[in-house]
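Biologist: Before I rely on any label in this model, I would like to hear how each one was reached. Could we go through them one at a time?

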Amino acid sequence: MILHIESSTKNCSVSLAHNGQLIQSKELFSLDYRHSELLHPFIQEIFENNHIQPKSLKAIAVSKGPGSFTGLRIGVSAAKGFCYALKIPLIGINTLEIMAQCTLANSNDWILSILDARKSNLFSLLLDDSGRIVQSTWFENLESPSIVALSKGKQLKVIGDGQTKLKSFLPHLKAKYMPEIQYPSSKDMIKLAYRKYCAKEFETTSDFEPFYLRAFRATKQKSLKFNR
């Protein structure tokens, strides 16, 4: 059995699978990123509902990014904690590739998987109609876009929460927008994780870090003024 953790966006999601087949999943969309209070109760509920002990797990799969700094840190920390405690392997999966899985089977178009990266930026991944990566994950600045050239005139199926931003910057892009697909789910990690498990494509747990794609910029805390 493999436990799957997806916490890179506003969707906090956990799934348990056996031999690549879903047993149960639990997820909740949270605007205020309540992942730190939701993640472990979700995991515990799934264990209890299925009478599973953590020692039954063979691996942990985690969404490695890109995505929210906070969400990624929470998910990766939880995954590494399980791996250390249970002495089982860690599987890292690209967030944008996870999101693309739910539409691959029904796609005759290239898939552009994008997440909002603030301002005029997107986290982007481009796949062809068979799921092969055409352009690996990149940080797209829509003020000097590269998507038009990379798509080579192909019809794009666009998924992710960056759709509105992309459409406003590139209104003439040859694209089919999928507003019903905004965020990745742990359910869509299952096939990818099982494939990696069978191929023994594991991360080095001690060295594993989230794939932020951009440098973390800490903001200075505003000084507080007190009336005396």
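Biologist: Why is F29 called partly exposed?

Modeller: The relative accessible area decides it, where buried means under 20%, exposed means over 50% and partly exposed lies in between, computed with a 1.4 Å probe on protein chains only. F29 has a relative accessibility of 41%, and therefore counts as partly exposed. Y183, with 23%, is partly exposed as well. This is a predicted model, in which local features need pLDDT of at least 70 and side-chain atom pairs count only at pLDDT 80 or more, while totals for chains, interfaces and linings use all residues. Residues are numbered from 1 along each chain as its sequence is written, and side-chain values use heavy atoms, with hydrogens and water left out.

Biologist: What makes F29 and Y183 an aromatic pair, and why is the pair called tilted?

Modeller: Rings of Phe, Tyr and Trp (its six-membered ring) pair if their centres lie within 6.5 Å, and planes under 30 degrees apart count as stacked, over 60 as edge-to-face and the rest as tilted. The centres of F29 and Y183 are 5.4 Å apart with 40° between the planes, and the pair is tilted. It links distant parts of the chain, 154 residues apart, with F29 in strand β3 and Y183 in the loop between β10 (175-177) and α6 (190-198). Strands (E, at least two residues) and helices (H or I, at least four) are DSSP runs, numbered from the N terminus. Another tilted pair is Y197 with F202, at 6.0 Å centre to centre and 50° between the planes. By this rule the count comes to 5 aromatic pairs.

Biologist: Why are the buried residues of α1 said to line one face of the helix?

Modeller: The buried residues of α1 are H35, L38, L39, F42, I43, I46 and F47. Seen down the axis, they fall within an arc of 160°, so they line one face of the helix; the arc is that of the directions from the helix axis to the C-beta atoms.

Biologist: What covers those buried residues of α1?

Modeller: By contact (heavy atoms within 4.5 Å), the cover includes β1 (2-6), β2 (11-18), β3 (21-29) and α2 (69-86).
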